[in-house]
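I opened the model to look up its ring contacts and a few backbone details. My entries are below.

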Amino acid sequence: MPVETLKIGDLIQSSVTGEYRAVRWIGRRLLDGSTFDADQRKVHLPVRISRNAIAQDLPARDLYISPGHALLIGEYGVSARLLINGSSIRQVDAMEEIEYFHIELDSHDGMYAAGLPVETYLEADNRQAYDNAAEYEALYPGDDPRVQQPCVKIDIPLAALDRIRSNVNERAAQIELTEIA
């Protein structure tokens, strides 16, 4: 189901536990990419994860996510920006308009995006960055900012990150060979 069609209260399957959990809130953010300087492009332009970049049919189609959004790989949440390799995972060069959707549950969890396990919204006292932050306040008046505990490890050791990057790069080489054949 496209993320744009989700609504508060819809059930999504946790990629961590397999349970179905209700959507608490959907953060929306619309950005004007034409105004970005070089630093802003690096922070805000989406990362394209090509079909099959992680494993066969993972993701099942090209997937575009924000650079800071984490893929759930093993016991770690790995920001997409850390996996950019210039081929199977790369940052988009430019976009006029970017619309991001962030799905929040009652606690940080994983969900599937094109079959790939990715994180749900992690409340870290940054809700005001979303265009519809006032909607949350209206839905949950008086709710204190809830800094959540990550559902996976987010402080990834360099050796583990190097292994993940190596696997992604090996996969990219396999994809290129398959496309040539």
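**Entry 1, ground rules.** I noted that this is a predicted model, in which local features need pLDDT of at least 70, side-chain atom pairs count only at pLDDT 80 or more, and totals for chains, interfaces and linings use all residues. Residues are numbered from 1 along each chain as its sequence is written, and side-chain values use heavy atoms, with hydrogens and water left out.

I found five aromatic pairs in the structure. Rings of Phe, Tyr and Trp (its six-membered ring) pair if their centres lie within 6.5 Å; planes under 30 degrees apart count as stacked, over 60 as edge-to-face and the rest as tilted.

I looked up W25 and Y130 next. Their ring centres are 5.7 Å apart and their planes stand at 85°, so this pair is edge-to-face. The pair links distant parts of the chain, 105 residues apart: W25 is in strand β3 (residues 25-32), and Y130 is in the loop between β11 (116-119) and α2 (133-139). Helices (H or I, at least four residues) and strands (E, at least two) are DSSP runs, numbered from the N terminus. Both W25 and Y130 are buried. Buried means under 20% relative accessible area, exposed over 50%, and partly exposed in between (1.4 Å probe, protein chains only).

Which kind of pair do Y136 and Y140 form? Their centres are 4.8 Å apart with planes at 45°, so the pair is tilted. Y136 has 2% relative accessibility and therefore counts as buried. Y140 has 21%, so Y140 counts as partly exposed.

I also noted that ring pairs link W25, Y121, Y130, Y136 and Y140 into a cluster.

A charge sits over a ring if NZ of Lys or CZ of Arg is within 6 Å of the ring centre and within 35 degrees of the ring normal. The charged end of R24 sits over the ring of Y140, 3.8 Å from the centre. The charged end of R127 sits over the ring of W25, 4.7 Å from the centre.

I found a cis peptide bond between L58 and P59, with omega about -10°. P59 is in the loop between β4 (47-49) and β5 (63-65). D57 lies in the loop between β4 and β5. D57 is not a glycine, yet has a positive phi of about 65°. At 36% relative accessibility, D57 counts as partly exposed.

A114 is not a glycine either, and its phi is positive at about 55°. I located A114 in the loop between β10 (110-113) and β11. A114 has a relative accessible area of 18% and is buried.
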